[in-house]
Amino acid sequence: MAKPKIATTSLAGCFGCHMSILDIDERILELVELVDFDKSPIDDIKEFHHRCAVGLIEGGCANEENVRVLKDFRRHCDILISLGECAILGGIPALRNTIPLQECLDEAYLNGPSVYNPAKTIPNDPEIPLLLNKVYPCHEVVKIDYFLQGCPPRADAIWETLVALLTDKPVDLPYDLIKYD
Amino acid sequence: MPMSQTIDFIIDGVEVSARPGQTILQAADEAGIYIPRLCAHKDLVPHGSCRICTVLVNGRPQSACTQPVAPGIVVQNDIEKLNNVRRNILDMLFVEGNHYCMFCEKSGNCELQALAYRFGIMAPKFPYQFPARDVDASHPDIYIDRNRCILCARCIRASRDLDGKHVFEFVGRGPEKRVAVNAEARLADTDVDVTDKALSICPVGALMRKRQGYADPIGRRRYDHQPIGSDIEAKRSATG
Ligand code: SF4
Ligand code: SF4
Ligand code: FES
């Protein structure tokens, strides 16, 4: 029987959650026995090739490209997991949510103390994904099936959740592994 | 009724003896039964505002921190229906503020976060509000971060009743309600002091001392391994 596939992505995140996936240490060898990786920065596969059992989403939705990728994950994955505070709450990028977008752009490109921008342009190339008005938690954009809290989630929490899901067991994390920081 | 008389009643099927004048919460604490709470604190007069401590008394919802004990009452506390109400209240407190636990100095020692851990909340079910709230860092030793304030009024009661000052008060109503200080505008212009009880009694990271940083390493913070309320429940397992 073919191994189940998993996919991962980092939207508006810092890749810390992906580092925490790697933090399962030598259990990564057990993981590759259990699954094959499809679309993921870990193997640098850019588009989906197969239907996936599990998709791990790091980061929230800060721009239209994040939304496109997230919806693509929802279409291709049986189970979606929001991995970490940025996927669940918007995280650090969501600190801009109390400030109007135009003010954020003006501060970053025109008014900031270290800005050198004599042409006074705000980047507007069609190649650059448009920013959303605010940063959205993933579950406010698509249906998310599981949430792993933490900044980043503990490697043990990621491991136990993946193994439970891939072996059809209920996910029941011990108290010590539920942390919001 | 003579003061020595005890009042017998039942919480979650356990027979409890209380003294006249005690609240249900106080009697439960002494009996080693944990009723979740946020605005209540053993050194403060009850405020009855957060409703986390809601129990059913003979089937009717009452706040355990304000409701006096009475003979023969049957109190339900740890039941799914109430725990779901508590989860909803906690969810609302999270989405109505801006709680970035990952950089909050209170994380690991915070009662709001600890309750969410105890109830296994993995994500709030309500949409985040991302309200615009301000920080008052004018005082040399203390700051108020209103992004994290849950309006429990502990600081108000502590400043008034324990510190003998009136540094804090609520102003505004509904979503506009906030903790204000007893001065024209700034915390720096009040007589608040870093040793005031009002500071240490804040359950969250809203009223904080400056320059203490992340004092306890991860793994050695108050709620890292033991859920909130374990100390109270330990009394019961100790007495069998
Ligand atoms: S006050 Fe508590 S819940 Fe809020 S950010 Fe700080 S640790 Fe988290
Ligand atoms: S500052 Fe702290 S103690 Fe005061 S009302 Fe807000 S949360 Fe409660
Ligand atoms: S603890 Fe009783 S209402 Fe807040």
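## Helix α6 of chain A

The buried residues of α6(A) pack against β1 (5-10), α1 (16-22), α2 (27-34), β3 (52-58), β5 (77-83) and β7 (146-148) of chain A, where contact means heavy atoms within 4.5 Å. This is a predicted model, in which local features need pLDDT of at least 70 and side-chain atom pairs count only at pLDDT 80 or more, while totals for chains, interfaces and linings use all residues. Residues are numbered from 1 along each chain as its sequence is written, chains are lettered from A and ligands numbered from 1 in the order in which they are written, and side-chain values use heavy atoms, with hydrogens and water left out.

Helix α6 of chain A covers residues 155-166; helices (H or I, at least four residues) and strands (E, at least two) are DSSP runs, numbered from the N terminus. Because 9 of its 12 residues are buried, α6(A) is largely enclosed by the rest of the structure. Buried means under 20% relative accessible area, exposed over 50%, and partly exposed in between (1.4 Å probe, protein chains only). The buried set consists of Ala155(A), Ala157(A), Ile158(A), Trp159(A), Thr161(A), Leu162(A), Ala164(A), Leu165(A) and Leu166(A).

Just after α6(A), Asp168(A) adopts a positive phi of about 60 degrees.

## Interface of chains A and B

The size of an interface is often given as the accessible area lost when the parts come together. Chain B and chain A bury about 2300 Å² between them, 65% of it on carbon and sulfur atoms; buried area is the accessible area (1.4 Å probe) that two parts lose on being put together, summed over both. Chain B contributes 31 residues to the contact and chain A contributes 26 residues.

Across this interface there are 10 residue pairs in polar contact (both at pLDDT 80 or more). A polar contact is a pair of N or O atoms within 3.5 Å; within protein, one must be able to donate a hydrogen and the other to accept it, and residues adjacent in sequence count only if both atoms are side-chain atoms. On the side of chain B that touches chain A, helix α3 (residues 111-118) of chain B gives the most, with 4 residues.

## The salt bridge between chains

The rule finds 1 salt bridge across the interface of chain B and chain A, a salt bridge being a side-chain nitrogen of Lys or Arg within 4 Å of a carboxyl oxygen of Asp or Glu. The side chains of Arg221(B) and Asp181(A) meet in it, at 2.6 Å from N to O. The pair runs from Arg221(B), in the loop between β10 (207-209) and α6 (230-239) of chain B, to Asp181(A), in the segment after α6 of chain A.

Arg221(B) is buried, with a relative accessible area of 9%, and Asp181(A) is buried at 8%. Salt bridges that share partners join Arg154(A), Asp181(A), Arg221(B) and Asp224(B) into one network.

## Salt bridges within chain A

Over all chains, the count comes to 26 salt bridges. One of them joins Asp44(A) and Lys46(A) (2.8 Å, N to O); Lys46(A) is exposed, at 55% relative accessibility.

Glu65(A) forms a salt bridge with Arg68(A), their closest N and O atoms being 3.2 Å apart. These two residues lie 3 residues apart in helix α3 (residues 64-76) of chain A, so about one helical turn separates them. Glu65(A) is partly exposed, with a relative accessible area of 32%, and Arg68(A) is partly exposed at 40%.

How values were computed: Expected span 1.5 Å × (residues − 1).
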